[in-house]
Amino acid sequence: MNIDRSTIDALFFLSNTPDYRIPATSTMMQSRLGLSESTICFDMSLACSGYIFALSTAFAYASINNINRVLILVGETLSK
């Protein structure tokens, strides 16, 4: 999408079935995407209402000074 990765200030990973518990999947994605080590990262473990909660949380974080861009990643494994 031609977005400068250094402009992403926070990364939220939403899943009820995360790939990792420790370390958190969000920090693994931070590394794989080449984001700054100062990027805020955390996982959210929710099902149906998770996307709305993630959007609400992203909006709240984007309202904080120096937080301009929040990346939300959603991934589910409904069946293996």
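Biologist: Hi! Which residues make up the largest nonpolar core?

Modeller: Six residues: A10, F12, L14, M44, A54 and A58. A nonpolar core here is a set of buried Ala, Val, Leu, Ile, Met, Phe, Trp, Tyr and Cys residues joined through side-chain atoms within 4.5 Å. Buried means under 20% relative accessible area, with exposed over 50% and partly exposed in between (1.4 Å probe, protein chains only). This is a predicted model, where local features need pLDDT of at least 70, side-chain atom pairs count only at pLDDT 80 or more, and totals for chains, interfaces and linings use all residues. Residues are numbered from 1 along each chain as its sequence is written, and side-chain values use heavy atoms, leaving out hydrogens and water.

Biologist: Which elements give two or more residues to this core?

Modeller: Strand 1 (10–14) and helix 2 (50–62) do. Strand 1 gives the largest share, three residues. Helices (H or I, at least four residues) and strands (E, at least two) are DSSP runs, numbered from the N terminus.

Biologist: And what is A54 in contact with?

Modeller: Leaving aside neighbours within four places in sequence, A54 is in contact (heavy atoms within 4.5 Å) with F12, L14, M44 and I72. There is also a second, separate core of five residues, including I8, L11, F13 and C41.

Biologist: Switching topic, in what order do the elements run from the N terminus?

Modeller: They run β-α-β-α-β, which comes to two helices and three strands.

Biologist: How much of the protein is buried?

Modeller: Of its 80 residues, 25% count as buried.
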